[in-house]
Amino acid sequence: MIAPVEAFIGLGSNLDDPIRQVRRAAEALGKLPLTERLGVSRLYASRPVGPQDQPDFINAVALLRTRLSPLALLDQLQALEQRHRRVRQRHWGPCTLDLDLLLYGKQRIDVARLRVPHPELCRRAFVLIPLAELAAELTLPDGQAVAALARHVGAEGDVKVLPDNS
């Protein structure tokens, strides 16, 4: 059996009540097999990365402890997206739920189906800011401090924390 690994998951939605989509997905992450949810950031609103003719996104980051392999975890994340009726109309287009495996322990993974750390992680304020919120002392496998990266992109990005209206 695989030893437990901490994994960070990026959550995003901009369709079909995105706040509810992200909250439901965050709950569901804690119910994945061989997985425990350790924490979830606050919710953030951000402009879309791709085409601007779509609604703003709601984003968060979740921290899991899992015994699933990276590809098994990816399969579970994609199945959860499908349960939320994920439709990929166009690259970086609108979606009901997008789940990204951002980090899997300190591992670097580069296979056809999966790249970890997530290739865009260091450039995305909507990922780095909630990631730093959850794990302020976290460093990436290449030694970069997440908090420093978040401060840098946060100064440039347009990411707003949402009020907590549980």
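What is the relative accessible area of Arg65, and is Arg65 buried or partly exposed? Its relative accessible area is 33%, and Arg65 is therefore partly exposed; buried means under 20%, exposed over 50%, and partly exposed in between, with a 1.4 Å probe and protein chains only. This is a predicted model, in which local features need pLDDT of at least 70 and side-chain atom pairs count only at pLDDT 80 or more, while totals for chains, interfaces and linings use all residues. Residues are numbered from 1 along each chain as its sequence is written, and side-chain values use heavy atoms, with hydrogens and water left out.

Arg65 has a charged partner: its side chain meets that of Glu36 in a salt bridge, at 3.3 Å from N to O. Because Glu36 lies in strand β2 (residues 35-40) and Arg65 in strand β4 (residues 57-66), the pair ties together parts that are 29 residues apart in sequence. Helices (H or I, at least four residues) and strands (E, at least two) are DSSP runs, numbered from the N terminus. Glu36 also counts as partly exposed, at 41% relative accessibility.

A salt bridge requires a side-chain nitrogen of Lys or Arg within 4 Å of a carboxyl oxygen of Asp or Glu, and by this rule the count comes to nine. One of them joins Asp16 and Arg20 at 3.9 Å; Asp16 is partly exposed at 38%, as is Arg20 at 33%. Together with Asp17, these two residues form a network of salt bridges. Glu120 and Arg123 are paired at 3.1 Å, with Glu120 partly exposed at 22% and Arg123 exposed at 54%.

In soluble globular proteins, nonpolar side chains tend to be buried together. A nonpolar core is here a set of buried Ala, Val, Leu, Ile, Met, Phe, Trp, Tyr and Cys residues joined through side-chain atoms within 4.5 Å. The largest such core has 28 residues, of which Ile9, Leu11, Leu29, Leu73, Leu77, Leu99 and Leu101 touch the most other members. At least two residues each come from β1 (5-13), α1 (18-29), β4, α2 (70-83), β5 (98-104) and β7 (114-116), and α1 gives the most, with five.

A second, separate core of 19 residues includes Ala125, Leu131, Ala132 and Ala135. Helix α3 (residues 125-134) is largely enclosed by the rest of the structure, because seven of its ten residues are buried. Those buried residues are Ala125, Phe126, Val127, Leu128, Pro130, Leu131 and Ala132.
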